[in-house]
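Work through the exercises below with the model open. Try each task before you read its solution.

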Amino acid sequence: MRRYELMLLLRPDLEDDKLQAAVEKVTRAIVNGGGSLSKVSPWGKRRLAYDIGRHREASYFLIQFDIEPAQVREIERGMLITEEILRHLVTVLEDRGTTDELAPAAAARSDGEDEALDLAPGLTESVEGVSDEDDVSDDDESSDDTSDDTSDDEADPEPADEERAAG
């Protein structure tokens, strides 16, 4: 079993009894899927960072539960078709496996990190393979462009000054 956290954003215009019924529907789906609830905490109404539909606020609920990973998809499918729920997010808090199951996973992660370190020198070599002449020529062209622009700008005001003096 894994421990999950579910953040529910419910429509703000729901009455308290309909709000509790929507949360009860989700918690019942968790229990029917073989899970167990750890904590259900209402956070109240809060302003959203952006509008969802026509709603600027939502009623937030945070639910922590333990369940088999295969059952999470079924619970999410039920939340997607519930009109009262504006958004939801399910995150994994921790694995609750035995230490024998966790040890190979930790070893696999450390092997993957070593491979990533082995690939890093190859990546830097390909970046270092870019010739410095290309960089210098780009810098020279950009400095030439700026010098041309300043010479054109300086050339234009001088004839205007000469015309003013002549006129």
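**Exercise 1. Find the residue just after helix H1 that takes a positive phi, and give the angle.**

Solution. Go to the end of H1, which covers residues 16–32. Just past this helix sits Gly34. Its phi is positive, at about 95°. Keep in mind that this is a predicted model.

**Exercise 2. Describe helix H1: its span, its buried side and its exposed face.**

Solution. Step one is the span. H1 has 17 residues. From first C-alpha to last it reaches 24 Å, close to the 24 Å expected at 1.5 Å a residue.

Step two is the buried set. Leu19, Ala22, Val23, Val26, Thr27 and Ile30 are buried in H1. These residues lie on the same side of H1, because they cover an arc of only 130° around the axis.

Step three is the other face. Turned away from the buried side, H1 carries the exposed residues Asp17, Lys18 and Asn32.

**Exercise 3. Trace the pairing of strands E2 and E3.**

Solution. Start with the limits: E2 covers residues 36–52 and E3 covers residues 55–67. The two strands run antiparallel, joined by eleven bridges. Now pick one residue. Finish at the turn. The hairpin has two residues between its strands, and Gly53 takes a positive phi near 65° there.

**Exercise 4. How many salt bridges does the structure hold? Take three of them in turn.**

Solution. The structure holds four. Side chains of opposite charge can pair when their charged atoms come close.

- Asp66 and Arg3: their side chains meet at 2.9 Å, N to O. This pair links distant parts of the chain, with Asp66 in strand E3 and Arg3 in strand E1 (residues 2–10), 63 residues apart. Asp66 is buried, since its relative accessible area is 6% and the cut-off is under 20%. Arg3 is partly exposed at 21%.
- Arg56 and Asp51: the closest N and O atoms are 3.8 Å apart. That falls within the 4 Å limit, so the pair counts as a salt bridge. Both residues are partly exposed, Arg56 at 47% relative accessibility and Asp51 at 42%.
- Arg77 and Glu74: the side chains meet at 3.1 Å, N to O. Both residues lie in helix H2 (residues 69–80), three residues apart, about one turn of the helix. Arg77 is partly exposed at 46%, and Glu74 is partly exposed at 45%.

Notes: Residues are numbered from 1 along each chain as its sequence is written. This is a predicted model: local features need pLDDT of at least 70, side-chain atom pairs count only at pLDDT 80 or more; totals for chains, interfaces and linings use all residues. Side-chain values use heavy atoms; hydrogens and water are left out. Helices (H or I, at least four residues) and strands (E, at least two) are DSSP runs, numbered from the N terminus. The expected span of a helix is 1.5 Å times one less than its number of residues. Buried means under 20% relative accessible area, exposed over 50%, partly exposed in between (1.4 Å probe, protein chains only). The arc is that of the directions from the helix axis to the C-beta atoms. Two strands pair if DSSP finds at least two bridges between them.
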